[in-house]
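User: I'm new to reading protein models. Can you walk me through some of the terms with this one?

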Amino acid sequence: MTITHIAANYIFDGKRFIKNSYISVDQTGSILYVGQENQAKSERERMIFYNGIICPAFVNAHCHIELSGFKNKTVLGEGLTSFIKSIQKNKENEQNYSQQCIENADNIMYQNGIQVVADIMNGDYSLKTKLKSNIFYYSFFEMYGLKKISSSKLDYEKNNIYSLFHSNNLPISVTPHSFYSVGEVLMKYIISNSDDIFSIHFMESVEEAELFYNYSGKLKDFLFNSKDLLDSFDCKAYIYKCLKELKRLNKNIILVHNTELLPEFVDNCNNVFLCLCPHSNMMISNRLPSQKLLQKDLQFVVGTDSLASNENLCILSELKTLSYYYSFIGLDKLLKWASYNGAKALKVNNKFGSFELGMNPGILLIEDVDLINMKLLKETKIRRLF
């Protein structure tokens, strides 16, 4: 077995910085040893010293890789409702689900240092790519519908997708698209048929906040066009009821976007993870979550969303944006959100997201960092070592 010692100014082990340290790995990148502070000052045979930060490969906690062919085809900058309408229109054309675009997006994410992806899907368009990818995918089969749907139809849709993925040893879970697009009957079905994790679009825009808090606005007008639904649906009570049930089951819940989320809404939620997708939020509605929310000690993770609402699928770019708009957030926290927290949310932190003995999480070098103030710079880049 060939052992290599990878040293740097800082090792970030998934949770903390270790100054002037090193990790020892075998030829596959499996972790054999994690050094202590200043151990890299003593030279060792087969030690390579890098200027920068060595850290575990990233976890993209929210993506729609099947929408990679939708790039430059959606309405951006006009709010969530306009974006949803353009997505629906593009879904009518099967050619937009380009296998080449999906494969290219997968390759780009891997080159950008992403090792694990929480991927939202509505069909099996991404299956071929996932079967041969270097990335570990946790797929979420997303369901939506406000009106009553028969259990047999739901079982058919779910079981068809599940059998395809399970037969190929690809992890998958059923999940609701959002609280505003899933009716009570379907929500009960999803909760009773789900695995251990949910990924739910939540408080993504002002329009969703208007629906949630005031039961008004563009999104309400777009979704609830049936008078009997309008009369019988209490959006706020329904969401609280659903979240209470999900928390009771103690299943991990990834709430995605959160631009209009009030901090007190997620107090004392140990199984809730808040996914930040800043580039997508800026491109759709020019909004970001409040500083008050990010100042709270919550379990944040980081996602890219899709190429339908982002120029690139790059976690480092998302971290740079978060660092710019929320300068009070330390680099240790940002890197933890992008590595260990993401793996914990997907319940794969025994394999990915940190440097621990026997794990093979992927290894990145972050270069051109301000190592005095521990800040990311515009020119900061990553290099994949394993």
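User: Which residues does Thr-259 touch, not counting residues up to four places away in sequence?

Analyst: Keep in mind that this is a predicted model. Thr-259 touches Met-203, Glu-204, Ser-205, Asn-281, Arg-287, Leu-288, Pro-289 and Ser-290. Thr-259 itself lies in the loop between strand S10 (252-257) and strand S11 (272-276).

User: What makes Thr-259 count as buried?

Analyst: The cut-off for buried is under 20% relative accessible area. Thr-259 has 5%, so it is buried.

User: How do you know that Thr-259 and Glu-204 make a polar contact?

Analyst: Look at the distance: a polar atom of the Thr-259 side chain lies 2.7 Å from the backbone oxygen of Glu-204. The limit for such a pair is 3.5 Å, and 2.7 Å is within it.

User: What happens at the start of H6?

Analyst: There, a side-chain oxygen of Ser-205 comes within 3.3 Å of the backbone nitrogen of Glu-207. Helix H6 covers residues 206-214, and its buried residues include Glu-207, Leu-211 and Phe-212. Just after H6, Tyr-215 has a positive phi of about 55°.

User: Why are H10 and H12 called roughly perpendicular?

Analyst: Their axes cross at roughly 75°. Angles from 65 to 115 degrees count as roughly perpendicular, so H10 and H12 get that name. The two axes also come within 8 Å.

User: Which residues meet there?

Analyst: From H10, you've got Pro-278, His-279 and Met-282, and they meet Ser-317, Glu-318, Thr-321, Leu-322 and Tyr-325 in H12. By class, that contact has four nonpolar, three polar and one charged residues.

Terms used. Residues numbered from 1 in each chain as written. Predicted model: local features only at pLDDT ≥ 70, side-chain atom pairs only at ≥ 80, totals over all residues. Heavy atoms only, no water. Axes fitted to C-alpha atoms, helices over the stretch in contact; angles between N-to-C directions. Helix = DSSP H or I, 4+ residues; strand = E, 2+ residues; numbered from the N terminus. Parallel < 35°, antiparallel > 145°, perpendicular 65-115°, else oblique. Contact = heavy atoms within 4.5 Å. Nonpolar A, V, L, I, M, F, W, Y, C, P; charged D, E, K, R; others polar. Buried < 20%, exposed > 50% of the residue type's maximum accessible area, 1.4 Å probe, protein only. Polar contact = N/O pair within 3.5 Å; in protein donor to acceptor, adjacent residues only side chain to side chain.
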